Every structure is written in structure tokens, then in C-alpha cells.
Amino acid sequence: MLEEGWPPLLTASEVAVALRTSRKAVYAMAERAQLPGVTRIGRRLLVRRDDLLSWLDERRAASPGSSRR
């Protein structure tokens, strides 16, 4: 998904690819403050890669049969 080779700030399009959703959905999530690490420069939306990765890791579902603490 997000390899270390990705830039530290991701565009809405890159976030959409990583989340397998649309740019429109990324913008909507940002408006509702549902995405971490969002920075706006003018009309441009950028997301800090490390914040997004941490956020995704926190929400990862446990595999069936494993116990997650």
C-alpha cells in the first residue's frame, strides 16, 4: 500500500489510492475531520503519510482467530 518511498505529504489523489476510495470521499472525510494529519495550503489538501499510516494501523481489524490487545 504506502511504501516508504512515498513522499511525506500525500495529495488527495494519493490518499484516495491508498484508501481505495475516491478523491471526493477523501475531501469529505477531511471536511468532517475524519482524516489525521490534514494540512491545507490554499485549496490544496495534503495529508502527512506517517499520520495516515498510524491511523490505519490503529483501525486495523484483528485477523480471525487471533486475539488483539
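Student: What do S2 and S3 form, and how many residues are between them?

Tutor: S2 and S3 form a hairpin with two residues between them. Gly42, in the turn, has a positive phi of about 65°. This is a predicted model, in which local features need pLDDT of at least 70, side-chain atom pairs count only at pLDDT 80 or more, and totals for chains, interfaces and linings use all residues. Residues are numbered from 1 along each chain as its sequence is written, and side-chain values use heavy atoms, with hydrogens and water left out.

Student: What makes a stretch of chain a helix or a strand?

Tutor: Both are DSSP runs numbered from the N terminus: a helix is H or I over at least four residues, and a strand is E over at least two. By that rule, the protein chain has three helices and three strands. Along the sequence they follow the pattern β-α-α-β-β-α.

Student: How do you know that S2 and S3 are paired?

Tutor: Two strands pair if DSSP finds at least two bridges between them. S2 and S3 have four bridges, so they pair, and the sense is antiparallel. In this pairing, Ile41 stands opposite Arg44 in S3.

Student: And what joins S1 to S3?

Tutor: Three bridges do, so this pair also meets the rule, and the two strands run antiparallel. Look for Thr11, whose bridge partner in S3 is Leu46.

Student: What is the order of the strands in the sheet?

Tutor: The order is S1-S3-S2, in an open sheet with antiparallel pairing.

Student: Why is one side of S1 and of S2 left without a neighbour in the sheet?

Tutor: S1 (9-11) and S2 stand at the edges, each with a single partner strand, so one side of each has no neighbour in the sheet. On average, neighbouring strands are turned by 35° against each other, direction ignored.

Student: Which helices lie on these strands, and at what angles?

Tutor: H1 packs on the sheet and touches S1 and S3, and its direction makes about 85° with that of S1. H3 lies across S1 and S3, running at about 60° to S3. Such angles run from 0 to 180 degrees between N-to-C directions, with axes fitted to C-alpha atoms, for helices over the stretch in contact.

Student: Why is Arg49 called buried?

Tutor: Buried means under 20% relative accessible area, exposed means over 50%, and partly exposed is in between (1.4 Å probe, protein chains only). Arg49 has 10% relative accessibility, so it counts as buried. You will find Arg49 in helix H3.

Student: Which residues of H2 are buried?

Tutor: In H2 (residues 23-31), they are Val26, Met29 and Ala30.

Student: How do you know that these three are on the same side of H2?

Tutor: They cover an arc of only 100° around the axis, which puts them on the same side. The arc is that of the directions from the helix axis to the C-beta atoms. The face turned away from the buried side carries the exposed residues Lys24 and Glu31.

Student: What covers the buried residues of H2?

Tutor: The cover includes helix H1 (12-19), strand S2 (38-41), strand S3 (44-48) and helix H3 (49-58).

Student: Which residues does Pro36 contact?

Tutor: Contact means heavy atoms within 4.5 Å. Leaving aside neighbours within four places in sequence, Pro36 is in contact with Val47, Asp51, Leu52 and Trp55. Pro36 is in the loop between H2 and S2.
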